[in-house]
Amino acid sequence: MSDNGGRTLGRAAGLVLLVGILAASCAQSPAEETRPEIRVGFGGALDFGDLAGEIAHQQLEKQGYRVRVVTFASTEIAVDALSRGEVDFATGSTRSFWAAAARGAPVRAVVEHAANVFRLVIAGMRQDCAALDGQRLALHAEGAVGTVLARVYLADRCPDAHPEVLLVPVSANRLAALLSGSVAAAVLKLSDVSQVERLAPGRFTMVTDFGNAWDDLKTTLVHTNTNFAESHPDQVRDYVRARVLANRQAATDHDEVLRQAKRVLGEGSDWTPEAREYAALPAWHPDGGMTRAELDRTLRFMIDRSGIDQTLTVDRVADLSVLEDVLREVRAVTPAAAATD
Amino acid sequence: MRASTIWRAGVALLLLAAWETVARSAQTLLLPTVSDTMSALARLLMSAAFWSALWISHQALLLGFVSAALIGVPLGLAFGHWPSLGRWVRPHLQIMLVVPTAAVIPLVIMVAGLSLRARGLVVFMFAFPVIAVTAEAGMREANARLLEMARSFGATPAQMMWRVRLPAAWPAVLAGLRLGLARAFSGMVVGELVLMAAGIGGLLMKFQSDFDAASVYAVVAVVVLESVVLMRVVAVAEQRLLGWQDRPAFG
C-alpha cells in the first residue's frame, strides 16, 4: 500500500474511533433515559455540611431517580442557574438566594440544608472578643453570611474591639492565611475549624460560635425554582421528604455519615470528630429546620443587617407548604415543627 | 470620515445591539442590558468608592508590573544571550505561564501574607513570564547576517551587544511589555478575586453578591478600557522608538 493510502486509512480509522468515543459518551441506556432526573446545584465545593444531602441523593437514586449534582464556582452562579431552570434545586448562602428573589428570580426555599455552623477563631488562648482588637481578621466576601454575622457580632457584642478586616473569598486561602500567621483570626465553618485543629492542635481558640449566638438563623437553605415546583410538585415533595429522612438518619447513623464523608470528601482524613460535632449540633434538622417564625426572623435579620430589599416577605422567599405536607406524612419529631403541623 | 472608522463604528454598534437583544431575552441575573450598564457606569464614575478601589488596585498593578519589567527584561535578555542558561530556565517560565493561579495562591499567602506585596506578587506572576520569554526570544533571534557583518567589521563583544543585539531585541522587549501589561491587568483583578477582596476585585464581589450585574459590567468596562488605552500608549511609544526600523513590530 502506498504511503498516501496508509495515511488515509489511518485517518479514517482515527475518525471512526473518535465518532465511536463520542457516541459512547453521549449514549444513555434506555433505563437511564426513563428515570426522572433531579438536578441539584451547590454553590461551591462540597463540604461536611453537605453530607446529609448526599445521603438523601442516594436514597432518591434507590427510589428510581437519577440525581445529578452540579458544583458551581460560587453561590451567585448556582442562584442564576436555578433561576434559569438549569438545576431544579440549589443550596448556598441564604442571603444570595434572597437578594436574587428581591430582583425577581423565581426561587423559593423548601427545606434547610445545614444549620449555622460558622465559628470565630483566633490564634492564642484568649477566648474574649477583646482579643480581636488590632488583630487581622479574615472574613469571606462582602455579603456572605459569615461576613454579615461577623460584622454584626463585632458591632453589637464586641464594640470596643477594632480588628483589621481582610476579605479572603476562598475558604482554603483563609485557612492558609490563618495557619501561616498572615491573619490572627478568621470566621470558619465548623468543618474548617476541625481541620485547623487537626493541622495545628492547640494553636487556636474559638471566640464565639455563631450557631449558638443566632441559633434560629437560617444560613443555608435548599431552594427550588418556582416554575419547576409548579410543574413537578411530586419531585419537589420527594426531594424534601428525602432530605428530612436523611437528616434523621445522619443524626443517628454515624457510620453512614462517615461512609459518605470518605466517598465525597476523601479517604485521607479521619472524619470522626466532624461526624460527632455535626450530629451533636445537630447540623441537620430532623424536621427540615424551617418554620415560618424562623424564616421571618432570618428575613428581618437579613433586611436590617445585610441590606437586602425591605419589601421581601417570607412568602416571596420560601414555600413552607411542601415541608409541612412532608412532616404530616413522616410525623414531626420536634415540638416547634409539630406546632406548625 | 474614513471608511475603516465607519466600519469599526458599525461593528461596535452591531455588537452592542446583539448584547442588548441577548440580555433582554436571556432571563439571567448575571447579564445586564447595555442601557443598564451605561447607567451603572455613569453612577460608578461619580462614586468616590470606585476611584478609591481603582487606586487600591493600581498600587498592586504598579508594584507587580514595574517589578516584572525591571526583572523580566534583563533576565530575558540574559537568557537569550547565553542560550545554555535560557534552555535551563525556559521550561520554568513556561510552567509559570500555564500554572493555574488559584492553585498557587496558598503559596503566595505563605510567602507574602495578605498584603499589597502579595497582590503585587500575583500581578508579577502574571506579567513576568511573558516579558521574560519575549525578551529572550528577541535576543536569541537577532539577525544572524547583521551579527556576522558586525563581526567581520571587527566589532568588540561590547559593541556587538550594544550596537547589534540589544537594538535587534528592542521590538520584542516592547511587545513583551505590552503583552505583560495586559496580563498584569488580568493578574490585578484575579488576585483581588481569589487572594483577597480588595480594590476593584472587592467591588466586583460586592456587586456580584447583590446581583447588581450592571455595576459588575460597568467596573469591567472601565478596567478593559483603561488597559486598552494603556496598551495603545505602549504601541504608540513602540512605533516612535522603532520608527527607524523597517521590520514589522514584534508580537
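1. A crossing is left-handed if the near helix is turned anticlockwise from the far one by less than a right angle, and right-handed if clockwise. By that rule α9(B) and α10(B) cross in the left-handed sense. Helices here are DSSP runs (H or I, at least four residues), as are strands (E, at least two), numbered from the N terminus.

2. This is a predicted model: local features need pLDDT of at least 70, side-chain atom pairs count only at pLDDT 80 or more, and totals for chains, interfaces and linings use all residues. Residues are numbered from 1 along each chain as its sequence is written, with chains lettered from A and ligands numbered from 1 in the order in which they are written.

3. The axes of α9 (residues 199-209) and α10 (residues 213-241) of chain B come within 8 Å and cross at roughly 160° (lines fitted to C-alpha atoms over the stretch in contact, with angles from 0 to 180 degrees between N-to-C directions). The pair is therefore roughly antiparallel (over 145 degrees).

4. F65(B) lies in helix α3 (residues 48-81) of chain B. F65(B) is buried, with 28 other C-beta atoms within 10 Å (the cut-off is 20 or more, with C-beta atoms placed from the backbone). Beyond four places in sequence, F65(B) touches residues including V123(B), A127(B) and L181(B) (C-beta atoms within 7 Å).

5. Between the chains, 26 residues of chain A meet 22 residues of chain B. On the chain A side, α7(A) gives the largest share, five residues.

How values were computed. Contact = placed C-beta atoms within 7 Å. Parallel < 35°, antiparallel > 145°, perpendicular 65-115°, else oblique. Buried ≥ 20, exposed ≤ 12 C-beta atoms within 10 Å, placed from the backbone.
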